[in-house]
Amino acid sequence: MARLAPVILIVEDDLLIRLDSAETIESAGFEVVQAANADEAIAILTARPDIHVVFTDIQMPGSMDGLKLARFVRDRWPPIKIAATSGLVPVEDDDLPAGSVFLPKPYGGAQIIAALRQLTGTA
Amino acid sequence: MSEFGPIDEYKDLFENAPCGYLTIGSDGRITKVNATLTAWTGFEADKFVGRRLHQFLNMAGRIYYETHIAPLLRMQGFFNEFALDFETAAGDRLPVIANAAERRDPDGTPLFTALVVIKAADRRRYERQLVDSRSELQRGLATERETGELREQFIAVLGHDLRNPLAAISAGARILQRSGALQQQKELRVLDMINSTVTRMSDLIDNILDFARGRLGGGITLNRDADRPLGPVLEQVVDELRTASPQRVIETSFEIIDPVDCDRTRIGQLASNLIGNALTHGARDEPVRVGAKTEAGQFKLWVANAGDPIPAAAMEKLFEPFFRGNVRDSRQGLGLGLHIASQIAQAHGGRIEVTSTPDETRFVFTMLARRDELP
């Protein structure tokens, strides 16, 4: 029985970085949905029950930054895994919900794919 | 004999000495005071006699006299070089330095206490100024520190704000590259140049941030990890530089057999800075050779290039910040690369050595593969 590809929601305000990450992640066999900010992300999560991982930038303009989004997602949709990235380190361990993955920017394509495989159990 | 007999001379010496004299009886009351002190204070001698010394002092002086001077005098029989403030008849402050000594009879019974007083307005002012200027210095230092912290934050934010748009440019170039839309030789060359520029700028930002951190306290901090392999990190650094300079040849030979207890990211940065330096200054038509190996408990990394040797005068300054050699083209950086590399080497307890001959210029980084066990 063919398994469906895990669905990854990318939340990143920079269009070029978002497109690049989306292509990289798609090429590794994931399905990708894109959001430019936390509000869009929540709208998508509300509409689609099949998201496995939210991969979010931490520094984002708008009502919620990536850390707030991560906590919101953990409270509202506990099974969804979280990967977060930032160019500003260090991010403290307890800033992110337990079981999350943090990737410092700039991250390479191989790093994000490895992290997503680990989170989705498709390694 | 002059009419000014010895007695008179002594009396004159007592009365008009260039210092104030005062004697205090065993009952604590003033018995004698000389003319100099009466002139300085504006109180006649008969105002002094029969009264207690602390009545002529200001409040701080009284407290000090009662709590320090009087007890010590009683205990050790003298007390020297203490500062007191008299209060003059006009209500002014008269700062003095004083010595006091008790006279006792052969049985040890105190007879009187003699007090010598020297006007010390200038000296006390000078001391006050010293204290003031010290606190001013401390304030200045505190301000300097605050400015330093602000500057550090500024640089950290700047580094981040520069990195983000740079990451966007790099992402855009990757998207174009993947799309296969660009086929013309010229277009591909432009893509290469975008990539190489991004790498250079990214290295510059890293170096600026490290320099700022190093200069503003903290220094380079290491995140050592002997368990994970160093080889792939070095391979990746070389790959990035190959992508950034596609027209150049970088040859590698890595034989890292033993674990190396190092900060792999930092050693990657050190390698990147040394190779970047070789690409900038080496002969363009000759390969840059990079090697790394573990041997006899040591980790060695070397980078060699052909080209003109480094002039002797430049050798001494190679690792100083902002040192820039003579460079032909626009690859000129800030002159921080080798400086940061040497800082990283030092942080690992290692060193970088340079040899430069007409045949070859070679930088060799050496460190202990394992940190010394504590004795």
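Among the contacts in chain A between residues at least 6 apart in sequence, 58% join residues at least 24 apart, two residues being in contact if their C-beta atoms, placed from the backbone, lie within 7 Å. The model is a predicted one, in which local features need pLDDT of at least 70 and side-chain atom pairs count only at pLDDT 80 or more, whereas totals for chains, interfaces and linings use all residues. Residues are numbered from 1 along each chain as its sequence is written, and chains are lettered from A and ligands numbered from 1 in the order in which they are written.

Chain A contains four helices and five strands, where helices (H or I, at least four residues) and strands (E, at least two) are DSSP runs numbered from the N terminus. Read from the N terminus on, these elements follow the order β-α-β-α-β-α-β-β-α. Of the 123 residues of chain A, 36% count as buried; a residue is buried if 20 or more other C-beta atoms lie within 10 Å of its own, exposed if 12 or fewer, and partly exposed in between, with C-beta atoms placed from the backbone.

Within helix α3 (residues 66-76) of chain A, the buried residues are A:Gly66, A:Leu67, A:Leu69, A:Ala70 and A:Val73. They lie on the same side of α3(A) because they cover an arc of only 160° around the axis, the arc being that of the directions from the helix axis to the C-beta atoms. On the other side of α3(A), A:Asp75 and A:Arg76 are exposed. The packing partners of the buried residues of α3(A) are β1 (7-11), α2 (38-47), β3 (51-57) and β4 (81-86) of chain A.

The largest nonpolar core has 33 residues, a nonpolar core being a set of buried Ala, Val, Leu, Ile, Met, Phe, Trp, Tyr and Cys residues joined through C-beta atoms within 7 Å. The residues with the most contacts inside this core are B:Leu270, B:Ala271, B:Leu274, B:Ile275, B:Val303, B:Ala341 and B:Phe365. Two or more residues each are given to this core by α7 (231-244), α8 (264-281), β7 (288-295), β8 (298-305), α10 (337-347) and β10 (361-368) of chain B, and its largest share, seven residues, comes from α8(B). Apart from this core lies another, of 28 residues, among them A:Val11, A:Ile25, A:Ile51 and A:Ala83.

Chain B also holds an open sheet of five strands in the order β2-β1-β5-β4-β3, with antiparallel pairing; two strands pair if DSSP finds at least two bridges between them. Because β2 and β3 (78-87) of chain B stand at the edges with a single partner strand each, one side of each is left without a neighbour in the sheet. Neighbouring strands of this sheet are turned by 25° against each other on average, direction ignored, where axes are lines fitted to C-alpha atoms, for helices over the stretch in contact, and angles run from 0 to 180 degrees between N-to-C directions.

Eight bridges join β3(B) to the antiparallel strand β4 (residues 93-104) of chain B, where B:Phe79 has B:Ala100 of β4(B) as its bridge partner. Helix α4 (residues 59-76) of chain B lies across β3, β4 and β5 (110-119) of chain B and runs at about 160° to β3(B).
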